[in-house]
Amino acid sequence: MPIHMIDLILKKRDRGTLSGDEIRYLVRGAAGETIPVEQLAAWLMAAWLNGLKLDETRALTVAMRDSGVKFDPTPLGKVAVDKHSTGGVGDKTSFLVAPIAAACGVVVPMISGRALGHTGGTLDKLEAIPGYRTALSLEEFEAVLRECGASIVSQTPALVPADRVLYALRDRTGTVENAGLICASILSKKLAAGLDALVLDVKTGSGAFLREREDGEFLAALMVATAEATGTRTVALMTDMGQPLGSAAGNWIELVESVELMRGKRPAQSEDLRELSLILAGWMIHLGGQAESPGAGYARAEAAMMDGSALRVFLAMVQAQGGDVSVFDGPEKFHKPGATRLVEAWASGYIASMDTTALGWAVQRTGAGREKAGEPVDPHAGIVFHARRGALVEKGMPLATLYATNEAHLDEPEKLLKEAIDFCDTPPEPVPLVSRVFTRSEAEKHLANAVR
């Protein structure tokens, strides 16, 4: 029987379960742009409201993976490992873990995305480097990997084209925060890169797409089980996004913070970024067969960060993809925001909590993010935070510096920032950076007991 898109919309609207053939029809229509965007948007909203069953999620992931050409890293002669985060504010670990892991003997073919909702985009940040090309052909991608061991690129029109369409639609239709849709979007891109192993960073807390912890745990387990079912060794770490990661949130300023860490510096405001990057890289090195345990991988990762080998890989990758590495010789000279404002603490006390989602929107409103697909972003806009959650501050102390496209872009971010930060009289309870790890067995056990 022929399949009609309206029937799939109605079926999911009425809480039905789509068959594998129906999922494949939808994905082919998205990739080939033969299904009108209003119908795709309607189906996405129905799926967001009513959820996707496990079989639907797996079918959607595989269909999206197979919607275009796929990359084969086998000729490179190394284990292919990658990392992916579910999205956060100031989350720049990709710039650290990719070169660190590559310096330790694995190859890292990283296919990344752009800003989505309140979170920044890895590609937007890299394109703050003059000349850096994110759109490489698969042949160019392989050449950079062969030369440098790591490459961070965008989806090509031929690679996972279904996700390119659905990803942009989700951002514009309020259908981002759904475990099945997130799982299929992330894994389709990662699995299309022919990975042997994958480390997932699943965010929890006020800046996560899925704020409820049980939702985040379900997503972590779902992604691990789905990826493992395709033959890719996978682990997921539940990590804190109750505050921006590191001190910088924007585009260029996040790259600067990352490079400073790879130069061996350890500013206090960047310590959580450094620690999480080493933990993630340690798992990548372990799953890639270059360390007997995640702990041993951590030690190798830290050595690569401190001895300069990770920085050499990063700069080689940037140069191989057309980027001007000289901007890192004097990053403060290259940074030319249109307007700057220092925000001082408006009260005294301990920083009790941060609404990190609101802070993400504040960063976006400086000009660092976009409101609709295709809009340009300002590479120099963003926010640098001078105090972390739990810090004791006095009224009038520097709390954050705003960098914006122009003066008109400063007022709203300042208002959002002041509404997002609360003070208290006693130190808040510390929150662990990594709260749980899902391996295959843990994921399958969790899904078997999950109530959905």
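Buried residues are those with under 20% relative accessible area. This criterion is applied below to a predicted model.

**Figure 1. Salt bridge between K92 and E257 in the predicted model.** The closest N and O atoms of K92 and E257 are 3.0 Å apart. Under the criterion given above, K92 and E257 are both buried. K92 belongs to the loop between strand 1 (81-85) and helix 5 (94-103), whereas E257 belongs to helix 11 (residues 252-262); the pair therefore ties together parts that are 165 residues apart in sequence. In total, the structure holds 32 salt bridges.

**Figure 2. Salt bridge between K189 and D163.** For this pair, the closest N and O atoms are separated by 3.0 Å. K189 is located in helix 9 (residues 179-191) and D163 in helix 8 (residues 161-173), so the contact ties together parts that are 26 residues apart in sequence. Both K189 and D163 are buried.

**Figure 3. Salt bridge between K415 and E419 within helix 17.** The closest N and O atoms of K415 and E419 lie 2.7 Å apart. Both residues are part of helix 17 (residues 411-420), where they are four residues apart, or about one turn of the helix. K415 and E419 are both exposed.

**Figure 4. Network of salt bridges comprising R213, E217, R436, E442 and K445.** Salt bridges with shared partners join R213, E217, R436, E442 and K445 into one network. Side chains of opposite charge can pair when their charged atoms come close.

**Figure 5. Crossing of helix 10 and helix 18.** Two packed helices are described by the angle between their axes and the distance between the axes. The axes of helix 10 (residues 213-229) and helix 18 (residues 440-449) come within 8 Å and cross at roughly 120°. Helix 10 and helix 18 are therefore oblique to each other. The crossing in which helix 10 passes helix 18 is left-handed.

Figure 6. Classified by residue type, the contact of helix 10 with helix 18 consists of seven nonpolar, one polar and three charged residues.

Methods
Residues numbered from 1 in each chain as written. Predicted model: local features only at pLDDT ≥ 70, side-chain atom pairs only at ≥ 80, totals over all residues. Heavy atoms only, no water. Axes fitted to C-alpha atoms, helices over the stretch in contact; angles between N-to-C directions. Helix = DSSP H or I, 4+ residues; strand = E, 2+ residues; numbered from the N terminus. Parallel < 35°, antiparallel > 145°, perpendicular 65-115°, else oblique. Left-handed = near helix turned anticlockwise from the far one by under 90°. Nonpolar A, V, L, I, M, F, W, Y, C, P; charged D, E, K, R; others polar. Salt bridge = Lys/Arg side-chain N within 4 Å of Asp/Glu carboxyl O. Buried < 20%, exposed > 50% of the residue type's maximum accessible area, 1.4 Å probe, protein only.
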